[in-house]
Every structure is written in structure tokens, then in C-alpha cells.
Amino acid sequence: MPKLQKYQQKIRKYKERLKRLITRIGISYSADFDLKDEKLEKLILPCHLGILFFGDFDIDFFFKIKHRINQVYDSFFFNIKNLGDHNFSFEIFSKGVKKEYREMKKSSDRIKIHPTNKFYEVLINKRIEEKLGMIVAITDLPIYSSSNDNVLFLFGETNLKHRCCVVSSLKLKEQYYGRNKNQDLFEERVIKEVIHEIGHIIMDSTHCVNYLCVMRFSKGVNEIDDKSSDFCSKCKLKLNQIRTDHNF
Ligand SMILES: [Zn+2]
Ligand SMILES: [Zn+2]
């Protein structure tokens, strides 16, 4: 085979590999994100928090979430802003998704799960644009971790470096488990997970071992139901220390 053809074949192979990688990690083409402003300033507290919705959520629900965040994170946020609904364009919506078999259901019931990177890219730019200290996304789409290939169907994930997090409500619905709709229980679960992910941004990535603490890691919805939406005394001390360190 002539040399040129060999090279062309090699390049095609590399291109294929690169394409597969891009599909796997979502819409991010680079190792990090395509950001409007790459300067990452240190988190200054208190700060402004934004909540962005991806999917069909009631406006009243935002006010409930805001109220509960203000209760447990007393004085940490100047303001909690509703950033409204974000719709991925069809092209971006279908990019980077994995098709997986839905747990406990027939294999014909395939669903598309979305890499967390896909959300982070939108969130980081929005956070910079809106001059927020941190930002939360709530979606009804199923998500999987962009950084850990083994983690499928997450409840939520935090990007500590860029101070943003995603909570997926799909597996927090009773209907997902074939049970009757329970709106109050559903909202309570979302609120606990949102408070949990914000806790990671403010404190660190470690989980609490206290059974009732909102910072305990939950493997399933039953574990979310078992814990409270508040911090244990140890985590409260940690938060107080952060308040002192930031002079508020
Ligand atoms: Zn966690
Ligand atoms: Zn705790």
C-alpha cells in the first residue's frame, strides 16, 4: 500500500477515536469547558445563587426550594434567583447521550441518559453571565457522570471547581418505581438533594456519616427519605466556621 494511503487510514482511525471520546464526554470538546470567561475567582460568601430548570417544573416549586435553602443556609445567600427554563437545542439535546436499559423494566423501554458535562457547560456560562457565586440545575432528564464512567442514573453531581451542580428528579419520582404519584414526597426529595449538592460546593466533597444529616450519601430513594433536609450538629459547626472565616 502506498505511504499516503496508509497515513490517510491512520488519520481516519484517530478521527473515529476522537469522535467516540467526544460522544462519551458530552458536548465538551476540550478537557475542560468552552467558557465565556475562563477566570475562576475564589468563592466569596455570602453570594448570589441561581437555579436553572431543564424540564417541566412548577413556578411554585421554585419558591418552596428557595424558602428551604434560606432556612438551612441562613445568611449564606444574598439572593436566590430563578433563572427559568433552559431548553437544549435538538442538536445539543441528542449529543453525547447514552442509551441505557431502564432498570426493572423491559429492555424495549430504552431511555437516553445525559452526561453531566452537558449541563455544566451551560451552567458555568450562565453563572458568569449572571454574576452568581454558585448555580444549581434541576432537570427531569436522567443523567450520568462525565467523570466516572461507572456511575449511571445519578440523583445529582457537583462540579466543585466551577461551583455548579445538577440534580436529576427522574429517579425521585414515585412513578419511576411503579408506585402512585406523590408530589409532596417528590418535592421533599428534590429539596434534600439540592441542599446536599450546595453543601458540597460550600464545604467540600466529603459525605457525612450521621444517619439523619442531609450530607449523608444516599444510594437509593429510601435513604433520601430516611435522612432529614437539615445538617447534623457537626456539619452545622463546619458551616459556622465558614461564616466566621468569611466574616458574616
Ligand atoms: Zn454527595
Ligand atoms: Zn453531617
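**Helix H5 and its surroundings**

In the contact between two helices, Phe-61, Lys-64, Ile-65, Arg-68, Ile-69 and Val-72 of H2 meet Glu-187, Ile-191, Val-194, Ile-195 and Ile-198 of H5, contact being defined by C-beta atoms, placed from the backbone, that lie within 7 Å. By class, this contact comprises eight nonpolar, no polar and three charged residues, where Ala, Val, Leu, Ile, Met, Phe, Trp, Tyr, Cys and Pro count as nonpolar, Asp, Glu, Lys and Arg as charged, and the others, Gly among them, as polar. The model is predicted, so that local features need pLDDT of at least 70 and side-chain atom pairs count only at pLDDT 80 or more, whereas totals for chains, interfaces and linings use all residues. Residues are numbered from 1 along each chain as its sequence is written, while chains are lettered from A and ligands numbered from 1 in the order in which they are written. Helices (H or I, at least four residues) and strands (E, at least two) are DSSP runs, numbered from the N terminus.

Glu-193 is placed in helix H5, which spans residues 183-202. Glu-193 counts as buried because it has 25 C-beta neighbours inside 10 Å, the categories being buried at 20 or more other C-beta atoms within 10 Å, exposed at 12 or fewer, and partly exposed in between. Leaving aside neighbours within four places in sequence, Glu-193 is in contact with Phe-155, Gly-156, Val-167 and Ile-224; the C-alpha atoms of Glu-193 and Phe-155 are separated by 7.4 Å, although the two residues lie 38 residues apart along the chain.

Ile-198, with residues up to four places away in sequence not counted, touches Ile-69, Tyr-73, Met-134, Val-136 and Cys-165.
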